[in-house]
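Colleague: Please take me through one part of this model slowly, and spell out the terms as you go. I'd like to see what packs against what in the part you pick.

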Amino acid sequence: MINVLLLREPSEDAPDRYESAFAGAGYHPVSIAVLETVHTNISSLRDLIQGGPKAKGLSGVVITSKRSCDAWREALQLLRDRDRMTEFNSLVGWCSIPFYVVGQATATALTNTFAAFEDLGLRSVDVRGQSSGNAASLAPFILDDLKERPTKLLYLTGDKNRDTLPRLLNEGGISLESVQVYKTQGSATFEATLSSALASTKDAKHWWIIYFAPSAAVFVTPILRKHFQLEELDSASITCNSLPTKVAAIGPSTNSFLHDDLRIRVHAMAQKPTPEEIVSVITISDNDNP
């Protein structure tokens with residue numbers, strides 16, 4: 001059986017779709033989280049929440065990921081822990097403005113967060129735009145939904161947000177009060193988790209390593225080189241005692257980054273980020289080059 005290392009966090013919902021697809025095709029999949037999220041500026045967010053939306057002239061909030069929602073929840077917890085005896089009348093204002101989100105998972109997380117802090121005056125939340133698949137498609141929804149111009153929204157961001165949504169909203173007369181509430185960095189436990197996984201995995205003819213994003217590739221590749229034979233385009237050298245390996249990429253952007261920047265040979269590329277697509281191209285590669 002051929003082993004497959006999936007450089008991504010396994011799904012919280014069992015069974016994991018990628019792992020199930022590979023197992024069904026006769027492979028042995030191993031998923032390891034490469035990146036971790038760290039919250040930032042939570043004290044500033046706490047103070048902003050406590051002041052209420054009117055203090056900043058806000059007409060709504062934009063939350064494009066569950067990680068931003070988690071940061072909002074942590075800020076509320078700080079508020080509760082610090083000021084247990086305080087009346088939070090200003091917080092009621094957050095119940096009267098819309099929260100624009102991407103995806104049902106973010107919408108559900110936000111609804112649950114408001115319910116968990118009902119003692120602070122957060123009775124319910126007006127969630128809109130959850131059917132939007134990404135931030136770029138959320139922007140037109142917001143422009144159509146908010147008729148008042150000019151207006152300002154609070155925008156909770158990470159460290160790698162694209163400028164598409166801010167640009168579209170600014171062009172439409174909506175300004176943003178942006179607060180970075182999380183950043184993504186390499187997982188502190190990746191190397192130890194990888195070593196443990198390798199120790200408990202049976203030997204195979206070769207491994208497949210699946211790269212999902214350029215940002216993860218930068219962090220993880222030096223660690224992978226210690227254990228796997230990553231074929232380099234500019235060198236024929238092979239690390240002693242390393243495991244025979246083939247590399248696959250999810251999407252052309254990741255493929256180009258591995259090839260052009262890291263100078264790693266990519267043996268297979270999935271055009272679409274789906275389990276079926278990546279299993280298909282890897283199976284074809286193994287059949288053509290066993």
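Modeller: Let's start from Trp-94. Skip its neighbours within four places in sequence, and Trp-94 is in contact (heavy atoms within 4.5 Å) with Leu-48, Ile-49, Gly-52, Pro-53, Leu-58, Val-61, Trp-72, Phe-99, Phe-114, Leu-122 and Leu-154. Keep in mind that this is a predicted model, where local features need pLDDT of at least 70 and side-chain atom pairs count only at pLDDT 80 or more, while totals for chains, interfaces and linings use all residues. Residues are numbered from 1 along each chain as its sequence is written, and side-chain values use heavy atoms, with hydrogens and water left out.

Some of those names come back when you look at rings. Trp-72, Trp-94, Phe-99 and Phe-114 are joined into a cluster by ring pairs. For a pair, the rings of Phe, Tyr and Trp (its six-membered ring) must have centres within 6.5 Å; planes under 30 degrees apart are called stacked, over 60 edge-to-face, and the rest tilted. The whole structure holds nine aromatic pairs. In one of them, Trp-72 and Phe-99 have ring centres 5.4 Å apart and planes at 85°, so they sit edge-to-face. This pair links distant parts of the chain: Trp-72 is in helix H3 (residues 66–82) and Phe-99 is in strand S5 (residues 98–101), 27 residues apart. Those labels are DSSP runs numbered from the N terminus: helices are H or I with at least four residues, strands are E with at least two.

Phe-141 belongs to helix H5 (residues 135–145) and Tyr-100 to S5, so the pair ties together parts 41 residues apart in sequence. Tyr-100 is buried at 0%, whereas Phe-141, at 32%, counts as partly exposed.

Now for the core around all this. A nonpolar core is a set of buried Ala, Val, Leu, Ile, Met, Phe, Trp, Tyr and Cys residues joined through side-chain atoms within 4.5 Å. The largest one has 34 residues, and Trp-72, Trp-94 and Phe-99 touch the most other members. Helix H2 (42–51), strand S4 (61–63), H3, S5, helix H4 (104–116) and strand S7 (151–157) each give two or more residues to this core. H3 gives the most, with six residues. There's also a second, separate core of 25 residues, which includes Ala-216, Phe-228, Leu-230 and Val-247.

One last stop is helix H6 (residues 164–171), whose buried residues are Leu-165, Pro-166 and Leu-169. Looking down the H6 axis, they fall within an arc of 95°, so they line one face of the helix; the arc is taken from the directions that run from the helix axis to the C-beta atoms. Among the things covering those residues are S4, H5, S7 and strand S8 (174–180). After H6 comes Gly-173, with a positive phi near 90°.

Key: Buried means under 20% relative accessible area, exposed over 50%, partly exposed in between (1.4 Å probe, protein chains only).
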